[in-house]
Amino acid sequence: MTEHPDLQPLDESTFETVLCVVAHPDDLEYGTAAAVDRWVRAGKTVTYLLATRGEAGIDTLPPEQAAPLREQEERDGAAQVGVDVVEFLDGFTDGVVEYGLALRRAIAREMRIRRPDLVITSTYADRFPGGFANQADHRAVGLAVVDAKADAGNRWIFPDLVDEGHEPWQVARLLIVADPEPTHFVDVSEHFDAAVASLSAHDAYLVALGPDYPKPAELLGMILGGPSEVVGVPYAVTGRLVGG
């Protein structure tokens, strides 16, 4: 993180409603949930949208068994940070999500329904900060969110959404978390325990990763503690802000 010394705190006075859009159960729990806890406790409205149910994520369980299990774990994890609206898209398969019009339309539809001031997604870069390769579904969904932001505000793109009763909505800001070129941060130092509880709710998924996989507190300590030297707080969520 030392290559980004000019990170600015996210101006939280600019939004009251937040929509978080990611590919899988647990994506938000790898750090973003700490910021969600901060915002919910401040009285902001946060909802989740997931493109899949993570049905391909547990090697020891077939998809038809893993899907409902992971969906429930996501709802449980969301509840730990005060989120009670968790929606899942149909028609997209874990591991083989494809960027395209169907995905853009589905996300734009949810933006029009929820009418958020701020949308959160994860990076669509091919690598995370630190050099780890980014997974294909993350990249497809992240890029689709960027484009759906424009789609949601244009009545002539996906006009059938207007026929459904979903009028255009201009999303003012988009924060792309875990981006390799961050511009802003959220101080989540007082929300670390909530983030740990949220990730810990994914018990079946974490157990399946094996005994050598880092425990939630250890893992989040690395993720949220990484920016500390740059931003000057113990724990932070970082991201690239689009829309000012």
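# Pocket, helices and cores: a chat over the model

Visitor: What volume does the largest pocket have?
Guide: Keep in mind that we're looking at a predicted model. Rolling a probe the size of a water molecule over the atoms shows where empty space is left. For the largest pocket here, the volume comes out at about 1100 Å³.

Visitor: Which residues lie nearest the centre of the largest pocket?
Guide: The lining takes in 41 residues, and it divides into 23 nonpolar, 12 polar and six charged. Those nearest the centre are Tyr-30, Phe-128, Pro-129, Ala-178 and Ile-223.

Visitor: Which element gives the largest share of that lining?
Guide: Helix H8 (216-225) and strand S8 (236-242) each put in at least two residues. The largest share is four residues, and they come from H8.

Visitor: Which residue just after H1 takes a positive phi?
Guide: Here the residue is a glycine, with phi at about 95°. It sits just after H1, and it's Gly-43.

Visitor: Why is H1 described as largely enclosed, and how many of its residues are buried?
Guide: Helix H1 spans residues 32-41. Its buried residues are Thr-32, Ala-33, Ala-34, Ala-35, Val-36, Asp-37 and Trp-39. H1 is largely enclosed by the rest of the structure because the buried count, out of 10 residues, is seven.

Visitor: Which residues touch the most other members of the largest nonpolar core?
Guide: That core has 38 residues. Apart from it lies another core of 25 residues, among them Leu-89, Ala-140, Ala-152 and Ile-176. Back in the largest core, the residues touching the most other members are Trp-39, Tyr-48 and Leu-118.

Visitor: How far apart in space are Tyr-48 and Arg-75?
Guide: Tyr-48 is found in strand S3, and it counts as buried at 0% relative accessibility. Along the sequence, Tyr-48 and Arg-75 are 27 residues apart. In space, C-alpha to C-alpha, the gap is 9.5 Å.

Visitor: Which elements do the buried residues of H2 pack against?
Guide: Helix H2 (residues 63-79) has 17 residues and reaches 24 Å from its first C-alpha to its last, close to the 24 Å expected. Its buried residues are Ala-66, Ala-67, Arg-70, Glu-71, Glu-73, Glu-74, Gly-77 and Ala-78. These pack against strand S3 (45-50), strand S4 (86-88), helix H6 (192-200) and helix H7 (203-208).

Visitor: What covers the buried residues of H6?
Guide: In H6, the buried set is Phe-192, Ala-194, Ala-195, Val-196, Ser-198 and Leu-199. What covers them includes H1, H2, H7 and H8.

Visitor: Which residues does Pro-216 touch, leaving out those up to four places away in sequence?
Guide: Pro-216 is found in helix H8, and a relative accessible area of 14% makes it buried. Among its contacts, Val-196 and Leu-199 are also listed as buried residues of H6. The contacts of Pro-216 are Val-196, Leu-199, Ser-200 and Leu-206.

Technical notes
Residues numbered from 1 in each chain as written. Predicted model: local features only at pLDDT ≥ 70, side-chain atom pairs only at ≥ 80, totals over all residues. Heavy atoms only, no water. Expected span 1.5 Å × (residues − 1). Buried < 20%, exposed > 50% of the residue type's maximum accessible area, 1.4 Å probe, protein only. Contact = heavy atoms within 4.5 Å. 1 Å grid on protein atoms, 1.4 Å probe; cavity = no way out; pocket = protein on both sides within 12 Å on 5 of 7 lines; lining within 4 Å. Points joined across faces, edges and corners; volume = space filled by probe spheres on them. Nonpolar A, V, L, I, M, F, W, Y, C, P; charged D, E, K, R; others polar. Core = buried A, V, L, I, M, F, W, Y, C linked by side-chain atoms within 4.5 Å.
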